[in-house]
Amino acid sequence: FDRIISWLNDSEATLKNYGPKNSLQEKTEQLERYQEFLRVVESRHVLVQEFIAIADNLEQVRPRLVIIEGLVFSIMQNQSEVDKMSDDSSDLMGISGDTRISVNVQQITSRFKAVQVTAKEILKKCEVGVNDHKAFIEKYNQSVGWLTAAQDKLARCVDMQGDRATIQKRLEIGSELLAEKQNALSLVNTTVELGEKLYPSTSDDGREAIRIQLEDLQGAFDTLFDSSATMERDLHNKMSRWSNFEEASEHLKQWLKDTQAQMPDEIELKTTLDEKRAQLQTYRVLLHDILAKQQTILDVRDKAENLPEKSDRVNSFLETATAHHQEMMQRIQSYLERYEAIVSDHQQYSKTVFETQEWLDATHNTVEIWAESVSDHITLHANLEKLKNLQLSLPEEEPRILQIRTLGEKVIPGTVESGQIYVRNQIDTTQQEWQGLISAVSSTIERLEATLYQWGDFESMKDAIQSWLRETDNKLHAVNLNATLAEKQETLDKLKTLQGEIRAKELEIDQLTERAQHLYQGNHSSRGSQVNELCARYQQISTKVKDVHSRWHQYVTHHADYESRVTECHSWLQDIKKKLSYCSDLSATSQDDLDKKMETIQDLLLYKEEGFTKVQGTVELAQTVLANTSPMGHEHINQAVEKLQQDWSALASKMVETKTYLDETIHRWAGFLENIHQLNKTIEHVEHTLSDVSQFQSTLSEKRAQLE
C-alpha cells in the first residue's frame, strides 16, 4: 500500500509538471517521456493486484478476492469493470466489517484511474503538438525554398540589359512571377495558419520565435512581389516607349507610302470644271496633310530620343522619312500652283459661257413670249415693236460670243482630250444658238405681222354673239308667272322655241372657240378669258333655259292635274249626293227598304276617309299651283278649293244625320214588329185555350169547371 501511494504521488507530480515546449526537438523528447510514463502506468497493475490480494487475505474472503483480482487486472481494459471493482469493494467491506480496507482499495483505484486518464490525455496533446510542428516546419521550408528561387529569378531578370527583345523577355519573366503571386500567397497564408496553430502548444519563447519567422516570411513575400511589380511597371514604361515609337514610325511609313501613291509623276488633267476643282481641292488637302505631317515627324524624333536604347536603324529611318517628306512637299506645291491657274482659266470661261447662255436663254424666252399670237392685237403691236428694237440691238451683243471662243482656247491645253472635245462643242453650240437667235427674231417678226390680220373677223363675231347672249338672257328674265292654265301652256311653248334657237347657236359658239384657240394657242390672256366667259355664259343660258322649260313644264302639269282633280272631286261628290238623297227619302218604306238604305249609308260612311283624302290632296295640290300662279289667278283657285271643302263638309254632316235618322226609324220599326209578334202570340194562345174549353162536358162539376 505504501509503495502504491508513493508511486501515485510521484506520478501525479510528474503529470503536474507537464507544460508547453519551445522547439520541435523538445516536444519530441517530451512525447517520448510521456510514452515511457504511460508504459510504466500500464505495468503498475501488478502492484495493484498484489495489494488487492493482501487485502483479500486479510479479510478471509476468497470468493471476493478472485473477483477483485480479476477486476484490478483488467482495469486498463474496461471502465465499467473499474466501477464494478469499487462496488465489490463496498460489498467486501460490508461482509468483513472493516471499512479501512475498502476505503484504501477505492482510493488507490480512483487515483490510479486518474493517473492513467491524465497520462493518456497529455500523451495525446504531445502527439498533436509534435505533428502540427512538423507540418509547420515542412510548409515553412517549402515557402522559404519557393521565395529563394523566385528572388534568384528576379535578380537574374534585373541584371538583364539589352534592346526591345530583351525588355520583352524580362517582362515575360516578371509576368510569370506575378502570375504565381496567388499560389505563393496561398502557400504563405497556409504557413502562417499552421504557425499560428502552434501557439497554444508552444511556450512563450517558442511562440516569439515562430512569430518572427512568420513576419520574416511575409516580409520576404511582400518585398519580392513589390519589386516584381515595380520592375514590371518600369518594363511596361520602356515597352510603351518602344511601342509608341514603332507605332508612330509604322504610321509614318504607311502615310509616306499612301501619299506617294496619291502623287503621280505628272499633273493629272480633268474634263470638267467640277472635276478640276475637286482635283485642286485634293492637291490642297494633300499639301495640308503633308505640312501637318511635319509635326508628326518631330513627334517621332522625340519618341526616338526617349527610347531606352538607340540604334543606327532608328537614325537612318528618321533621315529617310524627313527627306522623303520634303521631296513630296515640293512636288505637291508645284502641282498646286499649276492647277490653280488651270482652274482660274476654266472658271472664267465657265462664267462667261454661263452668263452668255443665260442671256441667250432669256432672250429666246423673251422672243417666245413676244411671239405668242394669242394675245390681243394691241399687245401684238407692242410685241412687234419690241422685237424690231431687239433685232436692231443684236450686233452689240456679238462680242460675248467672240470672248467665249478666246477663253475656250486658253482652257483646252489644261483639259484632257474628252474635255477638249466638250469645250470645242460648247463653243460651236454657242455660235449656233447665236445664229438661231438672230433667225428666231426675224421669223417671229414675220409671224406676228401675219397674225394681226386674223383679229378683225374674230372681234366682230365675238361682239355679235355677246349681243345675242344678252338678248336671250333678257328673254329668260322676262318670263313671269301666269294666271290660267292656257297662259302657262302658251309660255311653255315659247320656251320650247327659245330652247331650239339656243341649240342652233351652238355651232357659232364652237366656231368662235376654234378661232380663239387658234389665236391664243392655249395662252389664258384676258381676251382668252372673255371667250371662255362667252362659252360659260352660253352654257349657263343653255342650262338655264332647260331648267326654266322643265320648271314651266311642271307648272303646266301641276295646273292640269289640279283642274282634273277638282272636276273628279265634284263628280264624286255629286254621286255621293245622289246616294244620300236616296237614303234620306222615307216616304214609302218597308223593313227591307230600310235595311238596303242602311247598307248604302254605311257604305257611304266608309267612303268618308277616302273623300277626306281626295279633298285634302286637291287642297295640297292647289297650294302647289298657287305658288306657280300669278296673284290674278289666286282668287279663282281659292274659291274653287273653298267650295269643294264646303260641299264635302256638308255631305259629311248630312251622311251622319241620315245615318242617325235611319237608325231611329229602324229602331221604331223593330219595336212595332215586336209588338205585332207579341199580339200574334197572345191571339194564338187565346185560340188554343178557347178550343180546349169549347168541348162539351159530361157532368155538372166538369161543366162548372169549364165555365170557370
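This is a predicted model: local features need pLDDT of at least 70, side-chain atom pairs count only at pLDDT 80 or more; totals for chains, interfaces and linings use all residues.

Biologist: What volume does the largest pocket have?

Modeller: In general, rolling a probe the size of a water molecule over the atoms shows where empty space is left. For the largest pocket here, the volume comes out at about 160 Å³.

Biologist: Which helix gives the most to the lining of the largest pocket?

Modeller: Let's look at the lining, which includes Thr491, Lys494, Leu495 and Glu501. By class, the lining has 4 nonpolar, 2 polar and 3 charged residues. The top contributor, with 6 residues, spans residues 485-504 and is helix 16.

Biologist: Is Ala278 buried, partly exposed or exposed?

Modeller: Ala278 sits in helix 10, which covers residues 273-305. Buried would need under 20% and exposed over 50%. Ala278 has 44% relative accessibility, so it counts as partly exposed.

Biologist: What separates the C-alpha atoms of Ala278 and Val343?

Modeller: Along the chain, Ala278 and Val343 are 65 residues apart.

Biologist: Why does Cys569 count as buried, and what about Cys535?

Modeller: The cut-off for buried is under 20% relative accessible area. Cys535 counts as buried because its relative accessibility is 18%. Cys569 counts as buried too, because its value is 5%.

Biologist: How many disulfides does a search of the whole structure find?

Modeller: A pair of cysteine sulfur atoms has to lie within 2.5 Å to count. Searching the whole structure for disulfides gives a total of 0.

How values were computed. Residues are numbered from 1 along each chain as its sequence is written. Side-chain values use heavy atoms; hydrogens and water are left out. On a 1 Å grid over the protein atoms alone, a cavity is a set of points where a 1.4 Å probe fits but cannot get out, and a pocket is an open set with protein on both sides within 12 Å along at least five of seven lines; lining residues have an atom within 4 Å of a point. Grid points are joined across faces, edges and corners, and a volume is the space filled by probe spheres set on the points. Helices (H or I, at least four residues) and strands (E, at least two) are DSSP runs, numbered from the N terminus. Ala, Val, Leu, Ile, Met, Phe, Trp, Tyr, Cys and Pro count as nonpolar, Asp, Glu, Lys and Arg as charged, and the others, Gly among them, as polar. Buried means under 20% relative accessible area, exposed over 50%, partly exposed in between (1.4 Å probe, protein chains only).
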